[in-house]
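Work through the exercises below with the sequence and the model side by side, and try each task before reading its solution.

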Amino acid sequence: MPKDKTDTHEKIIRAAREEFMEKGFEQASMRSIAGRVGMSAAGLYRHFEDKEALFSALVEPALRAC
């Protein structure tokens, strides 16, 4: 049975929000976000293709609400 990734996904989104708020998009790094979650950067890339995809996942819900 596949592992439920919902909890990990939520942790990544929280860590990404913190990272982007503290450092801005340009200075934020996937490696740092992964470290905040306690996973490797390679593990993070299994969830999101790149930093742009992660940022989009973070802001799209707010954009849809407008």
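**Exercise 1. The chain as a whole**

Among contacts in the protein chain between residues at least 6 apart in sequence, what percentage join residues at least 24 apart?

Solution. Before the steps, note that this is a predicted model, in which local features need pLDDT of at least 70 and side-chain atom pairs count only at pLDDT 80 or more, while totals for chains, interfaces and linings use all residues. Residues are numbered from 1 along each chain as its sequence is written, and side-chain values use heavy atoms, with hydrogens and water left out.

Step 1. A contact means heavy atoms within 4.5 Å, and of the contacts between residues at least 6 apart in sequence, 47% join residues at least 24 apart.

Step 2. The protein chain has 4 helices and 0 strands, where helices (H or I, at least four residues) and strands (E, at least two) are DSSP runs numbered from the N terminus.

Step 3. The radius of gyration, taken over C-alpha atoms, is compared with a globule rule of 2.2 Å times the number of residues to the power 0.38. The protein chain has a radius of gyration of 12 Å, close to the 11 Å that the rule gives for 66 residues, so it is as compact as a globular protein of that length.

**Exercise 2. The surroundings of Glu19**

Determine whether Glu19 is buried or exposed, and which side chain it joins in a polar contact.

Solution. Step 1. Locate Glu19 in helix H1, which covers residues 6–27.

Step 2. Buried means under 20% relative accessible area, exposed over 50%, and partly exposed in between, with a 1.4 Å probe and protein chains only. Glu19 has a relative accessible area of 0%, so it is buried.

Step 3. A polar contact is a pair of N or O atoms within 3.5 Å; within protein, one must be able to donate a hydrogen and the other to accept it, and residues adjacent in sequence count only if both atoms are side-chain atoms. The side chains of Glu19 and Arg36 form such a contact at 2.8 Å, and the side chain of Glu19 also reaches the backbone nitrogen of Ser29 at 3.2 Å.

**Exercise 3. The buried face of H2**

Find which residues of H2 are buried, and which exposed residues the face turned away from them carries.

Solution. Step 1. In H2, the buried residues are Met30, Ile33 and Ala34. Seen down the axis of H2, they fall within an arc of 100° (the arc of the directions from the helix axis to the C-beta atoms), so they line one face of the helix.

Step 2. The general rule is that an α-helix has 3.6 residues a turn, so residues three or four places apart point the same way.

Step 3. On the face of H2 turned away from its buried side are the exposed residues Arg31 and Gly35, whereas the cover over the buried residues includes H1, helix H3 (41–45) and H4.

**Exercise 4. The nonpolar core**

Identify which residues touch the most other members of the largest nonpolar core.

Solution. Step 1. A nonpolar core is a set of buried Ala, Val, Leu, Ile, Met, Phe, Trp, Tyr and Cys residues joined through side-chain atoms within 4.5 Å.

Step 2. The largest core has 13 residues, of which Phe20, Ile33, Leu44, Phe48 and Leu54 touch the most other members. Two or more residues come from each of H1, helix H2 (30–37) and helix H4 (51–65), and H1 gives the most, with 5 residues.

Step 3. Not counting residues up to four places away in sequence, Leu44 touches Ile12, Met30, Ile33, Ala34 and Met39.
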